[in-house]
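Please open the structure in a viewer and keep the sequence at hand.

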Amino acid sequence: IAAGKHFEAGLNYYRPGQHAPFQSLTVPSVGSAGELARSLWILGYPDRALRQVQKAYDLADSQSNPSTLGFALSLGALTYQICREEVACQEKAEATIALSIERDIADNIIWASFARGWAIARQGRTEEGIAQLRESAAIYKSVGAEVALAQFLAMTAEAFCCAGQVEDAL
């Protein structure tokens, strides 16, 4: 509950045009909106979480910064993932990946790749999804990243379960 209040407070501090583009990834803008969405889901408000994701997209659009939009899209994909909306998760993940490739922005591709792999596996293409998740995990671990690692590992374990590979999931 406290986290949600802090993210809401961060959003209240944001004033369009007063923050440099690089600050849009942190409080008080798109990052707050995206993380508030995940907090709302954890608190049991999936509909509010998805409305908050839309607010993150709107904030990102207003900033005209492709990196910020990619960040909002990747947070959206991960929010759709925890809301169990596979198709929307895949769409946002693929939009993130396409934007990132088009604009040569590497920041958001890996998170979106995890989301895409999970969504594909959940939609029945388990081997393809698992391959995407394994590749994403290898890249993520190779750079020593740990942010959201627990969520990514859980997504990977779930994909293995979908394929009936319980030992690999464990």
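## The aromatic cluster

Begin by selecting W111, F114, Y140 and F152, which ring pairs link into a cluster. The model is a predicted one, and its count of aromatic pairs comes to four.

Keep W111 and F152 in view. Their ring centres lie 5.8 Å apart and their planes stand at 75 degrees; since planes over 60 degrees apart count as edge-to-face, the pair is edge-to-face. This pair links distant parts of the chain, with W111 in helix α6 (residues 109-122) and F152 in helix α8, 41 residues apart. Are W111 and F152 buried or exposed? Both W111 and F152 are buried.

Turn next to F114 and Y140. The centres of these rings are 5.7 Å apart and the planes meet at 85 degrees, so this pair is edge-to-face. F114 belongs to helix α6 and Y140 to helix α7 (residues 126-142), so the pair ties together parts that are 26 residues apart in sequence. F114 counts as buried at 2% relative accessibility, and Y140 is buried with a relative accessible area of 4%.

## The whole chain

Now zoom out and colour the model by secondary structure. The chain has nine helices and zero strands, and along the sequence the pattern reads α-α-α-α-α-α-α-α-α. Of its 170 residues, 49% count as buried. Among the contacts in the chain with a separation of 6 or more, 59% come from residues 24 or more positions apart.

## Helices α7 and α8

Select α7 and α8 together. These helices pack at an angle of about 155 degrees, with their axes 9 Å apart. Angles over 145 degrees count as roughly antiparallel, and α7 and α8 are therefore roughly antiparallel to each other. Their crossing is left-handed.

To display the contact, show the side chains of T126, I130, L133, R134 and Y140 in α7, and of L149, F152, M155, T156, A159, F160 and C162 in α8. Sorted by class, the contact of α7 with α8 has nine nonpolar, two polar and one charged residues.

## Helices α4 and α8

Which residues of α4 and α8 meet? From α4 come L78, Q81 and I82, and from α8 come Q151, F152, M155 and E158. By class, this contact of α4 with α8 has four nonpolar, two polar and one charged residues.

Centre the view on Q81, placed in helix α4. With a relative accessible area of 5%, Q81 is buried. Leaving aside neighbours within four places in sequence, Q81 is in contact with C89, W118, Q151, M155 and E158.

## I97 in helix α5

The next selection is I97, found in helix α5 (residues 86-102). I97 is buried, its relative accessible area being 16%. Not counting residues up to four places away in sequence, I97 touches I109, A112, S113 and R116. A distance may be displayed here: the C-alpha atoms of I97 and R116 are separated by 9.3 Å, while the two residues stand 19 residues apart along the chain.

The tour ends in the loops, with a point of backbone geometry. Most residues other than glycine have a negative phi.

Select D104, in the loop between α5 and α6. D104 has a positive phi of about 55 degrees although it is not a glycine. Is D104 buried or exposed? D104 is exposed, with a relative accessible area of 72%.

Finally, select A148, found in the loop between α7 and α8. The phi of A148 is near 65 degrees, a positive value in a residue other than glycine.

Methods:
Residues numbered from 1 in each chain as written. Predicted model: local features only at pLDDT ≥ 70, side-chain atom pairs only at ≥ 80, totals over all residues. Heavy atoms only, no water. Contact = heavy atoms within 4.5 Å. Helix = DSSP H or I, 4+ residues; strand = E, 2+ residues; numbered from the N terminus. Nonpolar A, V, L, I, M, F, W, Y, C, P; charged D, E, K, R; others polar. Phe/Tyr/Trp six-rings, centres within 6.5 Å; stacked < 30°, edge-to-face > 60°. Buried < 20%, exposed > 50% of the residue type's maximum accessible area, 1.4 Å probe, protein only. Axes fitted to C-alpha atoms, helices over the stretch in contact; angles between N-to-C directions. Parallel < 35°, antiparallel > 145°, perpendicular 65-115°, else oblique. Left-handed = near helix turned anticlockwise from the far one by under 90°.
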